[in-house]
Amino acid sequence: MAFTRPDLGDALPLIASGKVRELYNVDSKSLLFVASDRISAYDVIMENGIPDKGLVLTLITAHWFQYLQKQIPDLKTHFLSLELPPAVPENQRTQLKGRSMLVRKLKVFPVEAIVRGYITGSAWSSYQKAGEVNGKKMPEGLEESQELPEPIYTPSTKAELGQHDENISTEQAATIVGEKYAKRIEELSLKIYKAARDYAKQKGIVIADTKFEFGLDEQTDEVVLVDEVLTPDSSRFWSKSTYKVGQGQDSFDKQFLRDWLTKNGLKGKEGVSMPQDVVEATRAKYLEAFKILTGKSLQDTLQELK
């Protein structure tokens, strides 16, 4: 059964609710991120969720944070622990275990940091029309899903719930967050993507593109990686074994759901419930991506948690 929303009563104050996550205030320095099983596509939340999806998002993020900090020693993240704070009521602890992260409270930059290693999705559409992606001139003769000579950083605005993110130039991003921070966000985004791309490729997954978010530690003036990272929700994962240039790819993310919505004329429509076969197929994709990338099943990972 899909877990849609926690009920923490007065134990922890809810300070924000997104498409997938609830954010609770723990104390002056930390927050509790709880990932539900809700799923959105084309900026609309489906009426029903994908069982275990929140567990996958949280535990795959924790796995990446651990790996990336070994690969990029100067990378800082907001992650503190997978342990639940004492204030969480006893009757909620079992269902929140594994889908909750205790994180540092930071000022979040209002840009989405998107890195594309392959040309697909909106980047492919833009390239076909103008030979450009986010205003950047691209090499001639690229085919759909082709790996780019070098990954590119293509930021977007961070829209309010229900609104659409808009692609912006790196210059516009610098205007929004300031030149110094924009440069560091771009530098870190490309470093993180390359480290993750190489790791995933060895495991059998192509990371075509991904989205990061960053915050500012105002005490140290450091740019910090926040939110979820390199999950099937924030990234486009393809199977390396079936990858073929010149066509769309089989994916381990919510592309299956997007395709079903488009095929049935439901793209962007509110109040849509997914049929059971779409729920199960999407869940299977998430679980498969988790096992390939972490080397363990979701069940085994959950049993290892304190």
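The model is predicted, so local features need pLDDT of at least 70 and side-chain atom pairs count only at pLDDT 80 or more, while totals for chains, interfaces and linings use all residues. Residues are numbered from 1 along each chain as its sequence is written, and side-chain values use heavy atoms, with hydrogens and water left out. The chain has eight helices and 16 strands; helices (H or I, at least four residues) and strands (E, at least two) are DSSP runs numbered from the N terminus.

**Overall build**

- The radius of gyration of the chain is 19 Å, close to the 19 Å from the globule rule for 306 residues, so the chain is as compact as a globular protein of that length. The radius is taken over C-alpha atoms, and the rule is 2.2 Å times the number of residues to the power 0.38.
- The C-alpha trace spans about 60 × 50 × 35 Å along its principal axes.
- Of the 306 residues in the chain, 51% are buried. Buried means under 20% relative accessible area, exposed means over 50%, and partly exposed lies in between (1.4 Å probe, protein chains only).
- Among contacts in the chain with a separation of 6 or more, 64% involve residues 24 or more positions apart; contact means heavy atoms within 4.5 Å.
- The accessible surface of the chain is about 14,600 Å², and carbon and sulfur atoms account for 47% of that surface. Accessible areas come from the Shrake-Rupley method with a 1.4 Å probe; for residues, only the protein chains shown count as cover.

**Aromatic pairs**

- The structure holds ten aromatic pairs. Rings of Phe, Tyr and Trp (its six-membered ring) pair if their centres lie within 6.5 Å; planes under 30 degrees apart count as stacked, over 60 as edge-to-face and the rest as tilted.
- Phe 65 and Phe 79 form a tilted pair, 5.8 Å centre to centre with 35° between the planes. Phe 65 lies in helix H1 (residues 53–71) and Phe 79 in strand S6 (residues 79–81), so this pair ties together parts that are 14 residues apart in sequence.
- Phe 65 is buried at 1% relative accessibility, whereas Phe 79 is partly exposed at 24%.
- Tyr 67 and Tyr 199 also form a tilted pair, with 4.5 Å centre to centre and 45° between the planes. Because Tyr 67 lies in helix H1 and Tyr 199 in helix H5 (residues 179–203), the pair ties together parts that are 132 residues apart in sequence.
- Tyr 199 is buried at 9% relative accessibility, and ring pairs link Trp 64, Tyr 67 and Tyr 199 into a cluster.

**Charges over rings**

- The charged end of Lys 267 sits over the ring of Tyr 42, 4.7 Å from its centre. This label requires NZ of Lys or CZ of Arg to be within 6 Å of the ring centre and within 35 degrees of the ring normal.
- The charged end of Lys 285 sits over the ring of Phe 252, 5.5 Å from its centre.

- Just after H5, Gly 204 takes a positive phi of about 110°.
- Ala 182 is found in helix H5 and is buried, with a relative accessible area of 8%.
- His 78 lies in the loop between H1 and S6 and is buried, with a relative accessible area of 1%.
- Leaving aside neighbours within four places in sequence, the contacts of His 78 include Phe 33, Phe 65, Met 101 and Asp 227.
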